[in-house]
Amino acid sequence: MGVPNASEDLSSEMEVDAFRRLFPLRFFERHLAESIRPDGRPLGKARETSIFLGAVASANGSALVKIGSTTMLTAIKMEVMTPSLEAPDEGCLAIDFHMPPICSPIVRPGRPAEASPVVSKQLSDTISSSRMIDLKDLSLVSGKAAWMAYLDVYCLDADGALFDAALLSAVAAISNLEIPAVAMNDDGKIVLVSDEDGQKRAQEPVNKEKRKLTLRSIPFSLTCILHKNYILADPTAEEESIMETHVTIVLDTSGQLISLYKPGGPVLAYTSAIQDCVAITRQRVKELKSFLDKENSAMEV
Amino acid sequence: MADKGGATPATYSPSPTTGRKKPPLLKEDWIRPDGRGFHQCRPALLDMHRFLSDSKCSRIDGALLIGGSAKRHLGPVSTRITSGVHGSVQPDIDFFRTGAVNAASGSAYAEIGNTKVIVSVFGPRESKKAMIYSDIGRLNCNVSFTTFATPVRGQGSDHKEYSTMLHKALEGAIILETFPKTTVDVFALVLESSGSHTSRCLGFGKRSQLEIMLCEALLLIDSMFLCNVPLQEVIASDNISECVSGDLPVVISCASLALADAGIMMYDLVASVSVSCFSKNLVIDPILEEENCQDGSLMITCMPSRYEITQLTVTGEWSTPKINEGMQLCLDACAKLAKIMRSCLKEAASDSQE
């Protein structure tokens, strides 16, 4: 796209744009040398983050999370299952991450994105190993009925740091989750108890009131890019595609390390780099926790 | 999608004592999900522009129509509608917003009643696969549902025909000659459905279960709702299958907005509205409760400024004058809807200029 006759500043703008497309790495390195990123962020700063609880009215718990333009929608639907023989008094949490074709030009219908099973697995590993939810909390009648919580995360807009956004929306939805009041009827089936029909109190209530889960600790994560000596927090899709070494660190609210994920990449992670990443993550976890707490207390009012 | 039901341990959603999923569906919940969703949605993230539409009036008019004759069994409905008329409108406000997805060339978000839809448009881009040469552009459409879109988990995937219907509805409006050899992809994701098609889905292959459920439902709502619709008839209308539901018109309208946002040349915006017929009455933009007892449905997709129809679907029982009346209702509503869509585009354009 040559614009020879364009005015001075427009042509220089075109040049920057062309430079960015032709030499993306050099373009980024020029910025990094100045300790700033093309979107105006300092290297260690995450993008603007917002959380909106209860986005899906028909779900038992839901959250919509935006980190920059990466958008995730999570909803939890509670269903009833017969618990397994090995764990008769435990419920189950089934986590799934979806990348529908709307979220990115690289996803086509019928061909699931490469990233989605990876993030899906990472999510369920993280949430189960953080011991955020006590599965016994999801039990209804020992050996007979327990909750199966289907947690589905949908990526609505993919612009980098998918796992961070997915995890944040998952934990936000879990914090928003309200377990409905149910009772067991004569056939051994679990039925909902609504507040109005008092005459149906004949059955024995299994879960008398709507309740929230008690969460032991909440995991939050931050993905960083390692490039030369630079550490870039919360990368955009463009940054992720240019600089390929990522480190994802998950900490819980008490500052304990839950998971550290470095899927290869050309840059080796030295102790100091990892320590720096953990320090940035610690900062970020505090920030995310206060966001989530604020949203949750706003919900209660 | 694989984990839909039968995968790991078989699960079921705890139904109320009556066999339907949500007990207050016909009572308090009728107001609540709408009211709550909107109340919280608007000031929060989605930050949607609020359009208090004219087409809403036609909705209310239409609904009042049934309010007259069916007030007796639609008690809660008419309260909701009256409250709407008196100004405290929470349910059924139309929202459209363009530019919902940054990764796409164009996108739009629509929230109409309980139906929430995101449409992304990609392209024009290289046609995939070894496609034969075509000197006009191609249009590729796909509609998918989130697993939690429907009251019963994972049923949205039963709506394969939506993709084709969307394609057919838009094809005629797009100037395909402007992007030869390339493809424009229109992908829609229904985040939340008005629920309108779920009962119909149950109708296939699970007749006996459906019958049981219907019987139970009938027992419950008896005097309220279905009292004068014999069971046989309900089941019969269930088998009409390819009925239009409340989601498709929203998907189509939203898709045309996304196309406009992507700068794809069109003859006109495409607006779509459906109408349900209840013996003597017509209800515009029907929702679950209304569609469950409808005699027939009609959906029009049109280009209002050209007064051209791109898609027309009629199912069920209709008399000729009723069809005429229904079409007129739809066309009027489409014109109003297109006006709202246009103002949304204008607003987005003036925002981006600033």
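Predicted model: local features only at pLDDT ≥ 70, side-chain atom pairs only at ≥ 80, totals over all residues.

Author: A disulfide here requires two cysteine sulfur atoms within 2.5 Å. Cys344(B) has Cys254(B) as the residue with the closest cysteine sulfur, but the two sulfurs are 9.2 Å apart, which is too far for a bond. As for accessibility, Cys141(B) is buried, its relative accessible area being 10%. Cys344(B) also counts as buried, with a relative accessibility of 3%.

The helix pair is in chain A. Two packed helices are described by the angle between their axes and by the distance between those axes. In chain A, helix H4, covering residues 162-176, packs with helix H6, covering residues 271-300, at an angle of about 30 degrees, and the axes are 11 Å apart. Angles under 35 degrees count as roughly parallel, so H4(A) and H6(A) are roughly parallel to each other. The crossing of H4(A) with H6(A) is right-handed.

On the H4(A) side, the residues that meet H6(A) are Leu168(A), Val171(A), Ala172(A), Ser175(A) and Asn176(A). Their counterparts in H6(A) are Leu288(A), Leu292(A), Asn296(A) and Met299(A). By residue type, the contact of H4(A) with H6(A) comprises six nonpolar residues, three polar ones and no charged ones.

Terms used:
Residues numbered from 1 in each chain as written. Chains lettered and ligands numbered in written order. Heavy atoms only, no water. Buried < 20%, exposed > 50% of the residue type's maximum accessible area, 1.4 Å probe, protein only. Axes fitted to C-alpha atoms, helices over the stretch in contact; angles between N-to-C directions. Helix = DSSP H or I, 4+ residues; strand = E, 2+ residues; numbered from the N terminus. Parallel < 35°, antiparallel > 145°, perpendicular 65-115°, else oblique. Left-handed = near helix turned anticlockwise from the far one by under 90°. Contact = heavy atoms within 4.5 Å. Nonpolar A, V, L, I, M, F, W, Y, C, P; charged D, E, K, R; others polar.
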